[in-house]
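User: I am new to this structure. Could you show me how to read its features, one at a time?

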Amino acid sequence: MSRDPRHDILFEPVPIGPKTMRNRFYQSPHCTSFGAEVPSAHAYLRGIKAEGGWAVVNTEFCSVHPSSDSRPLISARLWDAEDARNLKPMADMAHEYDSLAGVELWHGGGIAGNLETRIAAGGASQMAEWGVNGYQLNKDDIRRIQGYYVEAAKRARDAGFDIVNVHGAEGGAITAHFLMAKSNNRTDEYGGSLENRARFWTETLEQVRAAVGEDCAVTARLCIDTYNDSPQGIRAGEEAYGFIALADHLVDFWDLQAGGWSAAEWAGDDAEASRFGAEYADRPYLEAVRGATQKPIAAVGRFTNPDTMAEAVRSGTIDVIAAARPSIADPFLPQKIEEGRYEDIRECIGCNICASRFPQSAPIVCTQNATVGEEFRRGWHPEKFAAAANAEKTVLVLGAGPAGMECARVLGERGMSAVHLVDEQETIGGSLRRVSAYPKLGEWARVINYRQIQLDKLANVEVIPKTRLDAEGVLGYGAIGAQTAKLLRVFGMRRKLKRKKNNRRQTNPHPHLLSCSIRNAAFAAHMEALLAGHAAAIFKMVVVGA
Ligand SMILES: Cc1cc2nc3c(=O)[nH]c(=O)nc-3n(C[C@H](O)[C@H](O)[C@H](O)COP(=O)(O)O)c2cc1C
Ligand code: SF4
């Protein structure tokens, strides 16, 4: 199938100052909980996205100085030359695929916990309600912090980064704290009018731009609406419009999002779950700021539908499709659209399991993409599968729920001679069939639909519905040892919950279990050890994945 010509617009190059994006796909900054701690995992995760066609891959938020440490949360860092060396592999991997590497420079100001460095936090104003009682910066402090941005930008440039992004989204950075009246009650030239409140950020942009010259494109990640229709926050048609007009000459493009005036709200407003917000829900806010800028606009909107993306660009509202979750669920989204392989797109379901890991400082996971975070450690690739060393063997997968579907798919991709996916129901999907029928959870059916399509393509996988196998049945099916069956009965999400009133048993639809089950299934299917050495007459392995 070839690409729909309506989507050609998505593959036009976009000049951004001294650099050019090879297409309109931009992986917006998103954390992984690898950051500075596990640089190779961070680099490989971004590298896979570059391979999958994202013209820009960004770091997660990247601390510019020890006076802004995010502990216990894990960020990237550019505190010194060693940090720059750790980030360099990411830029190198992006360049291998002709993509640009962006770094999101972050200083948390008064909300930086500094649990590691134990430096007193200082911010725009002293406000206990922001969670950390940081002191109010004087003008020398302001110059000092602006200098940290400059030094970090130079380190990023020297490490090969193409884009420096002065982060101010989600109420999570000092730039935004100065900008919002709610977090800025200063009476000097950095407080009061919009122009004064914008000053910290515009001066920082000026200094960063002067430091990196033509070596890097410069952008700012701006929250264009804090969803509270208050002059205390940011309103698209007022503060955002005004700030963009003031700083337009300082950036090469804009990186825009909306939602939440405190960092705590980011996963509810900006990265809104599909239950509460549709794709491209921020369109009205973006339309309200378009007139303020002459520069390209990148904006997020949980974009997975190429029609919506193409229309967003064609209408002139935005120029670049920015995406965090869609790039996590399918790192190869751009390439699949480019090649017209629409049916292979693994769409984000908006469950926000990825976001839920960040506050736990735990490595990223995704319900749709079991390989995310394992690109380096285990060498897993979302689209390429190593042939199994024992591919002559046959596998019985019991239960076509999320885990069973994924396990059968990966085993099929790994070339097992036959995979039988057996389920007592008429259709695959297990408990997800019911869950995705709940109000506002329809998008969760994408977990089933994607796998149904992929299983249909695999000639070595057979789905056998309406068949219930108990232990005897399994033994009869392929003469494996009972001990083997027991050993492998560890996969799947069939967690039983007892309902208090009627003691009825129910399959738990919690998304965390869903993502665990899919991930466990991937382990089952990827690991040679599990696939090896279970001799039997016909079907040599059983994996239970209800
Ligand atoms: C797991 C996760 C981590 C994120 N971390 C960051 C971050 O470090 N910096 C940032 O500016 N935005 C971060 N975001 C917000 C995204 O960049 C984006 O604005 C938001 O997810 C909405 O875009 P989407 O609908 O394409 O996911 C994160 C989002 C997710 C899902
Ligand atoms: S975990 Fe859920 S919300 Fe996050 S990228 Fe994956 S499917 Fe999307």
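Analyst: We will go through the ligand shells, a strand, the cysteines, some loops and the backbone. Keep in mind that this is a predicted model.

User: Let us begin with ligand 1. Which residues around ligand 1 come nearest?

Analyst: Begin with the shell, the set of residues with a heavy atom within 4 Å of the ligand. Here the shell around ligand 1 has 22 residues. Pro 29, Glu 104, Arg 221, Asp 270 and Arg 325 come nearest.

User: How far from an oxygen atom of ligand 1 is the polar side-chain atom of Arg 325?

Analyst: Look for pairs of N or O atoms within 3.5 Å. A polar atom in the side chain of Arg 325 is 2.7 Å from an oxygen atom of ligand 1. The backbone takes part too. Pro 29 places a backbone N or O atom 2.7 Å from an oxygen atom of the ligand. Cys 31 has a polar backbone atom 2.9 Å from a nitrogen atom of ligand 1.

User: How much of the accessible area of ligand 1 does the protein cover?

Analyst: On its own, ligand 1 has 600 Å² of accessible area, and the protein covers 98% of it.

User: Which elements give two or more residues to the shell around ligand 1?

Analyst: They are β4 (56-63), α9 (325-329) and α11 (353-357). By residue type, the shell around ligand 1 has 11 nonpolar, 4 polar and 7 charged residues.

User: Now ligand 2. Which residues are around ligand 2?

Analyst: Read along the chain. Arg 325 and Ile 328 are in the shell around ligand 2. The shell divides into 7 nonpolar, 3 polar and 1 charged. α9 and α11 each give at least two residues to the shell around ligand 2.

User: I see cysteines. How many disulfides does the structure hold?

Analyst: A disulfide is a covalent bond between the sulfur atoms of two cysteines. This structure holds 0 disulfides.

User: Is Cys 223 buried or exposed?

Analyst: Compare its relative accessibility with the cut-off: under 20% is buried. Cys 223 is at 2%, so Cys 223 counts as buried. Cys 407 is buried as well, because its relative accessibility is 1%.

User: How should I read the two faces of a strand?

Analyst: In a regular strand the side chains alternate between the two faces of the sheet. Take strand β13, residues 320-323. Val 320 and Ala 322 lie on one side, Ile 321 and Ala 323 on the other, and all are buried. Both faces of β13 are therefore covered.

User: How many bridges join β3 to β13?

Analyst: Strand β3 (residues 25-27) and β13 are joined by 3 bridges and run parallel. Phe 25 has Ile 321 as its bridge partner in β13. Strand β12 (residues 297-299) is joined to β13 by 2 bridges, also in parallel. There, Ala 298 stands opposite Val 320.

User: Where does Ser 28 sit?

Analyst: Ser 28 is in the loop between β3 and α1 (39-51). A loop residue can still be checked for burial. Ser 28 is buried, because its relative accessibility is 2%. A polar atom of its side chain lies 3.5 Å from the backbone nitrogen of Ala 324.

User: And where does Leu 137 lie?

Analyst: Leu 137 lies in the loop between β8 (135-136) and α3 (139-158). Its relative accessible area is 1%, so Leu 137 is buried. Now compare chain and space. Leu 137 and Gly 122 are 15 residues apart along the chain, yet their C-alpha atoms are separated by 5.6 Å.

User: Last, the backbone angles. What kind of peptide bond joins Arg 71 and Pro 72?

Analyst: Check omega. It is about 5° here, and the bond between Arg 71 and Pro 72 is cis. Pro 72 is in the loop between β4 and β5 (76-77).

User: Is Arg 118 buried or exposed?

Analyst: Arg 118 has a relative accessible area of 74%, so Arg 118 is exposed. Phi of Arg 118 is also positive, near 55°. Arg 118 lies in the loop between β6 (100-106) and β7 (122-123).

Key:
Residues are numbered from 1 along each chain as its sequence is written. Chains are lettered from A and ligands numbered from 1 in the order in which they are written. This is a predicted model: local features need pLDDT of at least 70, side-chain atom pairs count only at pLDDT 80 or more; totals for chains, interfaces and linings use all residues. Side-chain values use heavy atoms; hydrogens and water are left out. A polar contact is a pair of N or O atoms within 3.5 Å; within protein, one must be able to donate a hydrogen and the other to accept it, and residues adjacent in sequence count only if both atoms are side-chain atoms. Accessible areas come from the Shrake-Rupley method with a 1.4 Å probe; for residues, only the protein chains shown count as cover. Helices (H or I, at least four residues) and strands (E, at least two) are DSSP runs, numbered from the N terminus. Ala, Val, Leu, Ile, Met, Phe, Trp, Tyr, Cys and Pro count as nonpolar, Asp, Glu, Lys and Arg as charged, and the others, Gly among them, as polar. A disulfide is a pair of cysteine sulfur atoms within 2.5 Å. Buried means under 20% relative accessible area, exposed over 50%, partly exposed in between (1.4 Å probe, protein chains only). Two strands pair if DSSP finds at least two bridges between them.
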